[in-house]
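Visitor: Please take me through this structure label by label, and say for each one which criterion stands behind it.

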Amino acid sequence: MGSQEDSSLQSIRYHRGSLHLLDQRKLPLDTIYLEIRDAVEGWEAIREMVVRGAPAIAIAAALSLAVEVSKLEGFSGTPKDAASFLEKKLEYLVSSRPTAVNLSDAASKLTEIVKNHAATATDANQVFLVIAYIEAAEIMLKDDVADNKAIGSYGSSVIQTQKKDCKKLSVLTHCNTGSLATAGYGTALGVIRALHADGVLERAYCTETRPFNQGSRLTAYELVHEKIPATLIADSAAAALMKTGRVHAVIVGADRVAANGDTANKIGTYSLALSAKHHGVLFYVAAPLTSVDLSLSSGDEIVIEERSAKELLNTRGGLGEQIAASGISVWNPAFDVTPANLISGIITEKGVITKTGNEEFDIKGFVHKTMSNN
């Protein structure tokens, strides 16, 4: 089972018992896949940005443990012991990137499946041999691609409706939210793909997304690969570009969306939202419902990960030579939080969450309605 069709970019290559992750630190110049043999190697790959993007992180974590479980030759404990073993492994994997809610959401769902299976198992090996965990992880891989294509379709439709007087549309995006950040197709970049497929996309603009340069290294790479007309800009050029009137909408992904719509995403997203508001440009978040965290009332409760100072002190996101003065202090948050009042809508695989009459998102109501319709 691969993460997507072979003709497309693949960040995850998986067959039962085997997982390889595309080392995205080496792109766009080198295409190198690293073998992931267990949860420890999965944790390290996520933490060190071999794989990134909230959906891809969750799937890579789940599959790294699936590979480890598939190679266990025996387990002497009880079913409860086996379930506890898996639960602790999942808790460990969640600690690799705490801001992305998709990872903790996937871990919670998999833990529940394992516990339910263990409750009916007659011996510990049955938890593994029936392959309940492995099959659940593989379903997550398959479902992510379908969800992303639905996000793309809903996003293209709502933007075309909002900008119906425009025959051609140009869109700005930030960070990387395409096939490399998901199991395939992408979220925000999936919307751009859908606009292009619908024949209405004039141009996609992507920011470089410092300091790790996910935009210049990864999004630009995907856009060129897909032959989508695109232009790379410096992060600091976004406001000037919007002022020219050449941007009709900004579309970004999300690592965590609070119950009120406040959204954590790659650092620099908040600045883009402020600029979009000032220039009257639509600003959409595209993310699966697994990115929604209803336990958080607002973005003030979102834990923001801070990255290594080396990402700013050295070139190539910390991987190259030093360029900043030795001894300088560094503040390097990986994410910022965009307030809900700056967001036009949240595009999900179940539809677009829009604001109610009081200009607020009813995300809880949307989620509950979606669940009741399933």
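Guide: A residue is called buried when its relative accessible area is under 20%, exposed when it is over 50%, and partly exposed in between, using a 1.4 Å probe and protein chains only. The model is predicted: local features need pLDDT of at least 70 and side-chain atom pairs count only at pLDDT 80 or more, whereas totals for chains, interfaces and linings use all residues. Residues are numbered from 1 along each chain as its sequence is written, and side-chain values use heavy atoms, with hydrogens and water left out.

Visitor: How do you know whether Cys-206 is buried or exposed?

Guide: Its relative accessible area is 1%, which is under the limit of 20%, so Cys-206 is buried.

Visitor: How many disulfides does the count come to?

Guide: With a disulfide defined as a pair of cysteine sulfur atoms within 2.5 Å, the count comes to 0. Cys-175 is in no disulfide, since the nearest cysteine sulfur, that of Cys-206, is 11 Å away. Cys-206 is likewise in no disulfide, with the sulfur of Cys-175 as its nearest cysteine sulfur. Cys-175 is also buried, at a relative accessible area of 8%.

Visitor: How many salt bridges does a search of the whole structure find, and which residues are linked in a network?

Guide: The search finds 13 salt bridges. The network links Arg-47, Arg-97, Glu-305, Arg-307 and Glu-311.

Visitor: Where do the partners Arg-256 and Asp-293 lie?

Guide: Their side chains meet in a salt bridge with an N to O distance of 2.4 Å. This pair links distant parts of the chain, with Arg-256 in strand E8 (residues 256–258) and Asp-293 in strand E11 (residues 292–293), 37 residues apart. Arg-256 counts as buried at 11% relative accessibility, and Asp-293 is buried with an area of 11%.

Visitor: Why are E8 and E9 said to pair?

Guide: Two strands pair if DSSP finds at least two bridges between them. E8 and strand E9 (residues 263–266) run antiparallel and are joined by 2 bridges, so they meet that requirement. Within this pairing, Arg-256 stands opposite Ala-264 in E9. The hairpin has 4 residues between the strands, and its Gly-261 takes a positive phi near 100°. E9 is also joined to strand E12 (residues 335–338) by 4 bridges, again antiparallel, with Asn-265 opposite Asp-336.

Visitor: How do you know where the buried residues of H1 fall, seen down its axis?

Guide: In helix H1 (residues 39–47), Ala-39, Glu-41, Gly-42, Ala-45 and Ile-46 are buried. Taking the directions from the helix axis to the C-beta atoms, these residues fall within an arc of 160°, so they line one face of the helix. Judged by contact, meaning heavy atoms within 4.5 Å, what covers them includes strand E2 (18–22), strand E3 (33–36), H2 and H3.

Visitor: How do you know whether Lys-227 and Glu-359 are buried or exposed?

Guide: Lys-227 has a relative accessibility of 69%, which is over 50%, so Lys-227 is exposed. Glu-359 is exposed as well, at 55%. Lys-227 is found in the loop between H8 and strand E6 (230–233), and Glu-359 in the loop between strand E14 (351–353) and helix H12 (363–373).

Methods:
A salt bridge is a side-chain nitrogen of Lys or Arg within 4 Å of a carboxyl oxygen of Asp or Glu.
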